[in-house]
Amino acid sequence: MKKIKVNEKWCLGCHLCEYYCAFANSGIQDMVKALKDMQIKPRLRIEQNDKISFAVSCRHCEDPICVKSCISGALTIKDNVVCIDKQRCIGCYTCVLVCPYGAVLPSEEGAVRKCELCTSRSDSKPACVQGCPNKAIELVEV
Amino acid sequence: MPINYIFPQFEILRDQTRCIKCRVCEKQCANEVHRYDDDYKIMIADESKCVNCHRCVALCPTSALRIIKNPHSFRENSNWTSDTITDIYKQASTAGVLLSSMGNPMSYPVYWDKLLINASQVTNPSIDPLREPMETKTFLGAKKHVIKRDDKGNIISNLSPQLELSTPIMFSAMSYGSLSYNAHESLARAAKNLGILYNTGEGGLHEDFYQYGSNTIVQVASGRFGVHKDYLNAGAAVEIKMGQGAKPGIGGHLPGAKITEDVSKTRMIPIGTDAISPAPHHDIYSIEDLNQLEMSLKNATGFRKPVIVKIAAVHNVAAIASGIARSGADIIAIDGFRGGTGAAPIRIRDNVGIPIELALAAVDTRLRNEGIRDNVSLVVGGSIRSSADIVKAIALGADAVYIATAALLALGCHLCRTCYSGKCNWGIATQREDLVKRLNPEVGYQRLINLITAWNHEIKEMMGGMGINSIEALKGNRFMLRGIGLNQKELDILGVRHAGE
Amino acid sequence: MLREGKDNYRIPSGCAICGIFNKDGRRISGSSIISAIEIMHARSNGLGGGFAGYGIYPEYKDYYAFHVFYDDDRAKVACEEYLNSHFDIVNLSRIPTRKHPKITNEPLIFRYFVMPKTADLISSQLDEQEYTSSCVTAINWDIEGAYVFSSGKDMGVFKAVGYPEDVGSFYRLDEYEAYCWTAHGRYPTNTPGWWGGAHPFSLLDCSIVHNGEISSYDANRRYIEMFGYKCSLLTDTEVIAYILDFLIRKTGLTYEEAANVIAAPFWTTIDRKEQQEREKLTYLRNTFASLLITGPFSIIVGFKGGIMALNDRLKLRSMIVGEKDDTVYISSEESAIRKICKDLDRVYSPRGGEPVIYTLSGGGTNAY
């Protein structure tokens, strides 16, 4: 099973992961078209203060509290990845409240947004992993 | 004062239609060139601070940036170039020696590019390295030709200490201090993985890196920074640095800003003090003194480690090398005038020393004429830019090469030549914590391994083309080289014939 | 005239080589070796052929037999003056030849049986062989038009421009008997006219015939020249001869150890050996790194009391060995062996880099 591993030691706080994530999930082929003059909507966030920064995204917990708390059955586990079914999500935000990592985010589209490890895209690696210039976000076998 | 105004060297072209204002350029520029303008809602730049290191260009996710040479110019003048004029303005306002970094950038001839390599046709088969063994293993150290046998007639090994390299490439001296911790870790780990050696430079050896000792050359320079008994014994070889190609005749410079706590501990000097090495070793004023230092170091290391003497390629290099070859040194390293550095006076870097190609050919010829070529191995650097340069260097007579600038390029260096500022945006030539972390050694060491692996493949391909399947048969094999566009004197010094001959 | 070595002129060649060795020291007529090399006619192109025979001068076996080419009488006078001042000459004659329509433009060919002058030898502080070889080098370098092409004891080299079988007939080799013969037919890729450029190449007792073009040439040449050798011909054979002379006569390696230097095993092979052997091979390969020969070659080395055949370590040239009773045959092609000995006890093809060494049984070098 592969999971995202974030190493704050190498995170530069450059925020590129957020942009690559937002672009990858925009469904638009061109990054400029997808992100220019837009409020970006990445599925991960960089947390930082003066000295330290790191990316926070869904941990795809083995026993995820968000899935348990989902009242509409929109959050499910598929091949060890916690996925969101936008059709089913009713936007109650229970999951947003219960996630201890703050990794499920509200969205203006109605349904919540969260990292699905780019499984819906054809690329082998998540966009944040590919875009990180310093290997601070890695996809590792656990 | 308007007379002090120096127009920016570079112009930053930002394609505003592509810029998504992610501000990565702003966050990544240690020189604080880029800035977001809240009023206009666009990114803007202060070009006077730009050193053209390409960090912003490389990280811009929409390729919205380009940096070009500023076309603004003085009135055209072949004698008074814009660099010459601006240097005078700078010195008239500061009264200082001008500093720069990395190797001599002037348009002197590059002899590597005037040498061509042979290949087999018909009378002799080329060898395919994908299908046949192709050997690049190299030993460095003095060789004796007197065979000793025991009473049963078995040969007793009487070799001096040797260094074994999987391929004839080593990372040249770059100190911890001039380079970051992460750059050093990358070099050390890559050397170990590749079965080659890296060199501490004159900055001592960080305690974390003692574990890579068998792949480390520890340097003793005129400042003696970081030198103690454990340090000497930690490495596989000891190098006495007499000179350096980038600045022959003067010692190393490390500005106080780079002497952080860790660097100070490793160098054994106070935090924040400039580390200016003396120009000569003050215990070596002549060749006989060199022998004494060599013997001291050999005694300190129990005669188990070869001693390298590194010199800059200067006019009389052949005679100097001949003296060193008789002094007890095991290896001579020669650094050409293109060799890099963290900081050097511009005038010295650009005007002192000679090309490594000529120095190597002259030294190899001289040592052979005197019958003492096997007293020492020859390692050359400054600058080796590709596997083809290595093949040519070995064919001219080198045993191995030192690479440094190429290794830094592999780590991300973009040759902006401002190492002395300590603000390396690539995390290489800096001690600033936030910048140092930009070089993840996990990435860095793999890129170094990739580079050497690629070069080693190319060396093998070229050797195979010549019908040579072991690197020692290439050493000094000048018949495999031809000159192109060289005059007779140059051909004579290089000991090669002209193409077509 | 194009001449090897002159004006840095270098000629690559393809070739046929052949050797016969009798382990009991029984002497065999030269007609067999001529017959053997003749069948490989297509491997040479008429631009060089030659032979070396060991045990051919039993009556003068303690004297150095110098075979010398002279371009003219002036060279002969100069050379003889030099010889007279450095050696005691016990016999001097033209080398007997018979006219052959295909062998033309012959130089003057003389033979001298000599011994270094005792007083000169002592004052030179050299051993007898070193003294002699340095005199040979001096003649070949300093006396224009004179070339000593054979200088061993109880052995001789015979060579010319032409096909080897014609050269053998020209030198009347059917009238000589040797316990060891080697032969060479040359296929140079150019048109040299100089007889000295033909093979075998010899220095003192050691003679070499060689097929191949070595890619390590200049690495080997520039190295060996550090030890007082002068590679005047720029041929591979010359440099191989000097390397063997250096390793065996001057350094004291055995023929097998010398083979481990010039056709050193690959490092992967060395790493698989048991410790003592591994250390020895590593030592030899490292110490004499610049004497590794790469590129295709097969060589047959004749020496006093023995013969060695060796291929390059990839075996890029054919070479086959046949044994019948006490006689050994070595050749580029099996056809040459079958021609003179149809019924062999054993035929095998030595592996690349594996030296095949035969010496006179009983270790005696005077067994014949």
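Which residue forms a salt bridge with B:Asp283? The partner is B:Arg224, and the closest N and O atoms of the two residues are 2.6 Å apart. The model described here is predicted.

**Salt bridges in the whole structure**

- Over all chains, the structure holds 55 salt bridges.

**How the chains meet**

- There are 2 pairs of chains that touch, and the most contacts are between chains B and C.
- Chain A and chain C are joined by no contact, and their closest C-alpha atoms lie 35 Å apart.

**The interface of chains B and C**

- Here 45 residues of chain B are in contact with 44 residues of chain C.
- The two chains bury about 3,500 Å² between them, and 56% of this area is on carbon and sulfur atoms.
- On the chain B side, B:Thr123, B:Arg368 and B:Glu472 lose the most area to chain C, together 17% of what that side buries.
- The count of salt bridges between chain B and chain C is 5.
- A salt bridge joins the side chains of B:Asp364 and C:Arg222, with an N to O distance of 2.6 Å.

**The interface of chains A and B**

- In this interface, 23 residues of chain B are in contact with 20 residues of chain A.
- Chain B and chain A bury about 1,700 Å² between them, with 58% of it on carbon and sulfur atoms.
- B:Ile20, B:Lys437 and B:Asn440 are the residues of chain B that lose the most area to chain A, together 32% of what that side buries.
- Between chain B and chain A the count is 1 salt bridge.
- B:Lys21 and A:Asp37 form a salt bridge, in which the closest N and O atoms are 2.6 Å apart.

**The domains of chain A**

- The domain assignment divides chain A into domain 1 (1-57 + 117-142) and domain 2 (60-114).
- The centres of these two domains of chain A, taken over C-alpha atoms, are separated by 19 Å.
- Contact between them involves 10 residues of domain 1 of chain A and 12 residues of domain 2 of chain A.
- About 1,100 Å² is buried between the two domains of chain A, and carbon and sulfur atoms give 57% of it.
- Of the area that domain 1 of chain A buries against domain 2 of chain A, 47% is supplied by A:Met1, A:Lys41 and A:Arg43, more than by any other three residues.
- Across this interface within chain A, the rule finds 0 salt bridges.

**The domains of chain B**

- For chain B, the domain assignment gives domain 1 (2-96) and domain 2 (138-469).
- Taken over C-alpha atoms, the centres of the two domains of chain B are 35 Å apart.
- Their contact takes 12 residues from domain 1 of chain B and 10 residues from domain 2 of chain B.
- The area buried between these domains of chain B is about 1,000 Å², of which 49% comes from carbon and sulfur atoms.
- B:Ala30, B:Cys53 and B:Arg55 supply 49% of the area that domain 1 of chain B buries against domain 2 of chain B, more than any other three residues.
- The rule finds 1 salt bridge across the interface of the two domains of chain B.
- The side chains of B:Arg347 and B:Asp87 meet in a salt bridge, at 2.8 Å from N to O.

**The largest pocket**

- The largest pocket has a volume of about 1,600 Å³.
- It is lined by 42 residues, and the closest to its centre are B:Gln9, B:Asp83, B:Thr86, B:Asp87 and B:Lys90.
- Both domain 1 (2-96) and domain 2 (138-469) of chain B give residues to the lining, so the largest pocket lies between them.
- At least two lining residues are supplied by each of α3 (82-94), β5 (99-100) and α9 (346-351) of chain B.
- The largest share of the lining, 6 residues, comes from α3(B).
- By class, the lining of the largest pocket has 16 nonpolar, 15 polar and 11 charged residues.

How values were computed:
Residues are numbered from 1 along each chain as its sequence is written. Chains are lettered from A and ligands numbered from 1 in the order in which they are written. This is a predicted model: local features need pLDDT of at least 70, side-chain atom pairs count only at pLDDT 80 or more; totals for chains, interfaces and linings use all residues. Side-chain values use heavy atoms; hydrogens and water are left out. On a 1 Å grid over the protein atoms alone, a cavity is a set of points where a 1.4 Å probe fits but cannot get out, and a pocket is an open set with protein on both sides within 12 Å along at least five of seven lines; lining residues have an atom within 4 Å of a point. Grid points are joined across faces, edges and corners, and a volume is the space filled by probe spheres set on the points. Helices (H or I, at least four residues) and strands (E, at least two) are DSSP runs, numbered from the N terminus. Ala, Val, Leu, Ile, Met, Phe, Trp, Tyr, Cys and Pro count as nonpolar, Asp, Glu, Lys and Arg as charged, and the others, Gly among them, as polar. Domain bounds come from an automatic or database domain assignment. Contact means heavy atoms within 4.5 Å. Buried area is the accessible area (1.4 Å probe) that two parts lose on being put together, summed over both. A salt bridge is a side-chain nitrogen of Lys or Arg within 4 Å of a carboxyl oxygen of Asp or Glu.
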